[in-house]
Amino acid sequence: MHAVDSISYTLDEGDTVGVVGESGCGKSVHALSIMRLIPTPPGKIDHGEVLFRGRNLLELREDDMRRVRGAEIAMIFQDPMTSLNPVRTVGFQIMETLILHQDMDKGQARARTEELLTMVGIPGARNCVDDYPHQFSGGMRQRAMIAMGLSCNPSILIADEPTTALDVTIQAQIVELVKQLQHKIGMAVIWITHDLGIIAGLAQRVNVMYAGKIVESGPVKSIYGDPHHPYTLGLLQSLPSHGTRKNERLFSIAGEPPDLVDLPAGCAFAPRCRYVVPRCLKEVPPLEEVGYGHKAACWEKARISR
Amino acid sequence: MIEVATNDHNTPEVLLRVKNLKKYFPIHRGVFQRHVGDVKAVDGVSFDVYRGETLGVVGESGCGKTTMGRTIIRIYEPTEGQVYFDGTDIATLKSREMRELRRSMQMIFQDPYASLNPRMSVERIVGEPLEVFHLANKEERKQRVARLLELVGLNPNFMTRYPHEFSGGQRQRIGLARSLALNPSLIVCDEPISALDVSIQAQVINLLEDLQEQLGLTYIFIAHDLSMVRHISNRVAVMYLGKIVELTDQDTLYANPLHPYTEALLSAIPVPDPIVEEQRHRILLEGDLPSPANPPKGCNFSTRCPRKVDICSEVEPEIVEVEPGHFCACHLVQPAAATS
C-alpha cells in the first residue's frame, strides 16, 4: 500500500504551507515520514529525499536524527491527551526537551518552561508547571503541546490537525498564537488539516492531497480563487457559503474516498469526478503548471474553473 | 422565560415546547458518597420548536447541547422543567406511556461507529424498532427495511451486511434509516456530520434536507460547525454553559448577533477565502469554558466576555425577547421597546 506516493514540495524559511486532505489521504503519514517516525516494519520509506537545509534527513544516523527532532523540526499532534504522558507533570515533559536539546540545568529549564507556558497563554503558568495533563482542559493541553513543540525554537513546526479536537473559539486563539510566534521567532510551519477555512487565513501555499498524492499545489489565493483540480473545486463548493439558503442543495462530491489498497488505475479521483474522460481511467495525470507556482494533476485541468 | 413568538400572519404550530428544563448530574464524594454538588449540564432552558422546522443548537463542547438533546427525548431524566411534545408533558410520563411516544421522537448520533451494534446485520439494526413495537411480521419487516435503505440512498441488497463493511457516511445513513423506521415526527440529530469527511458531510446534509421535505420531519440539529448549522436551520439557539444565550432565526443571528458570545463564536469561524480572511477582524476570547460544576457568579459568560461591566459578575441576566422572535440573555442588550 502506498500511503504517500511520490510527493514533492518546498518550504521556505518562515513560510506556512497548508496540507489539506481527507482522512486516509496520507497527510499525516507524510509528516511522520519527514520526522522519520514511521514504525519500520511494517512501514518503510521506499524512496525519496527530505532535504532540510541541504541535508537529507532520510540518510542521517538515528542519533543525528534525534538531534534534529524536537530541536530543529518539532511536531504537534491532533490529540494532546494521547501525546502527553499522563503520569508525568506537564512541566517535566517540557523540561525534558530543554535539558536534552539545550543543555540547560533543571533550574534554567524550569524558568524557561514557565516562560513558554505564559507565552502560549496559559494563565498562572507558575502554578501549572507541576500539574498533570488530566488537570488541564483540552485547550490548555493543546497549548502545552505547542509550548513543548516551540521549546527549542525550531526552524520548522509540523502541526498535524492541532485544532481539530478543539472548539472554534479556542481554535482561533491557537491559530493566532502560532501566527504571532512565527512572526517572533521566524519559524516555518507545515499545517496539516482537513479544514479549508483555517488554511485560508494561515498559509501562503497549499498542497491538496488525495489518495497519497498531491493533486494540486499553489499559492493560497490562486488555489481558492482559481482551482484547477476537480477535487479541490468540489471541496470548496461543498462548503456552505454565506449565500446558500436552506433547502438549496449543497454541492457534494459523489462517492467515497478510495481504498488505498485497491486504487483504481489511472487517476485515483476519476470514479468520483464530474469531468472524467476515458484517458483518466488509464493514465495517471502528472502534476503540471497551470499558473504562476500553481500546479494541478488533472488531464482536464484546462476545463476546470470556478 | 420564553413565551411563544406570536406571528401575525401565520402562527406556526408548536411541536415541542421546552420550559425551564434542567438536568443536573450529582457529584458524590467520600466514603459515604455524600452529595457535594451538581454539574449543571443544562440549567434552565426554554424554547419552542415548530412543526417542520429545523432548530439548530450550537455551542462549544461541554456547553450542554448534547445533554439537552438527550433530556428532551428522555434518554436522561430531567431534573426539573417541562417538555411538551404535541401538547403532552413528557417529562412526567410513566415509562409505558413514554415508550409509545418514543415512536414519534428519534435520535441520530455523532459517532457512526459506536452507535451501530457490530454483531447485528443492517437488516436487524434497521428492523429492530419495528420488532420492538411488534409492527410487522418478518416478511413485512424485510420489505420495510429495504424501502428505508432506499430512502437513505443505500442499496437494499446491503441489508445482510454488517456495520464494519460500511464507511462512515454509509453508517450514518444506516443510523438515519433506523431512526426513520417508526415514522417519527421529531429527530434529534446530535452532531450527525462531525465525524465524517468533508466531501461526505454535504451528502448527508442534502439527504437530511430531502427527507425533511418528503416526510415533513422536524429536526433539532445539534452541532458545533456553525456554517453547516447556518445552512440547515430555520432558527438557531446558541448555548453557553448550560444556558441558551441567544435564539433567533438564522439570518438575523448571523447578520445581527446581539450576545457578545455569539459575536465571538461567529468571528472565530474560519472562512474558506484567503481574501476575506486577510481583512477579517477576529474577536479573540480569553481563557476556557468554566466548569459547569462551579459556574461563575452572575452571567456565565462574564469570565471571558470582552464587553463585561460591573453588573455582569453580580446578577444573572434573564433571557428576554429583544425583538420579535429574537431572544438574548445579556445585560447590555435591552429590548427595542424599552430603549426607543
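Q: Which residues lie nearest the centre of the second largest pocket?
A: Keeping in mind that this is a predicted model, the residues nearest the centre of that pocket are Ile7(A), Ser33(A), Ile34(A), Glu49(A) and Val50(A), and the lining as a whole is made up of 39 residues.

Q: And what volume does the second largest pocket have?
A: The computed volume of the second largest pocket is about 1300 Å³.

Q: How do the residues of its lining divide into nonpolar, polar and charged?
A: In the lining of the second largest pocket, 22 residues are nonpolar, 10 are polar and seven are charged.

Q: Which element gives the largest share of that lining?
A: Helix 1 of chain A does, with five residues, while strand 2 (51–52) and strand 6 (188–193) of chain A are among the elements that each supply at least two.

Q: In what sense do strand 5 and strand 6 of chain A pair?
A: Strand 5 (residues 156–160) of chain A pairs with strand 6 of chain A in the parallel sense, over five bridges, and one bridge joins Asp160(A) to its partner Ile192(A) in strand 6 of chain A.

Q: Changing topic, how many salt bridges does a search of the whole structure find?
A: The search finds 33 salt bridges over all chains. One of them joins the side chains of Arg53(A) and Glu13(A), at 2.6 Å from N to O. These two residues are 40 residues apart in the chain, with Arg53(A) in the loop between strand 2 and strand 3 (55–56) of chain A and Glu13(A) in the segment before strand 1 of chain A.

Q: Last one: what is the strand order in the sheet of chain B?
A: In chain B, eight strands form an open sheet in the order 6-7-8-3-9-10-12-11, with mixed pairing, and the edge strands are strand 6 (105–108) and strand 11 (320–323) of chain B.

Conventions: Residues are numbered from 1 along each chain as its sequence is written. Chains are lettered from A and ligands numbered from 1 in the order in which they are written. This is a predicted model: local features need pLDDT of at least 70, side-chain atom pairs count only at pLDDT 80 or more; totals for chains, interfaces and linings use all residues. Side-chain values use heavy atoms; hydrogens and water are left out. On a 1 Å grid over the protein atoms alone, a cavity is a set of points where a 1.4 Å probe fits but cannot get out, and a pocket is an open set with protein on both sides within 12 Å along at least five of seven lines; lining residues have an atom within 4 Å of a point. Grid points are joined across faces, edges and corners, and a volume is the space filled by probe spheres set on the points. Helices (H or I, at least four residues) and strands (E, at least two) are DSSP runs, numbered from the N terminus. Ala, Val, Leu, Ile, Met, Phe, Trp, Tyr, Cys and Pro count as nonpolar, Asp, Glu, Lys and Arg as charged, and the others, Gly among them, as polar. Two strands pair if DSSP finds at least two bridges between them. A salt bridge is a side-chain nitrogen of Lys or Arg within 4 Å of a carboxyl oxygen of Asp or Glu.
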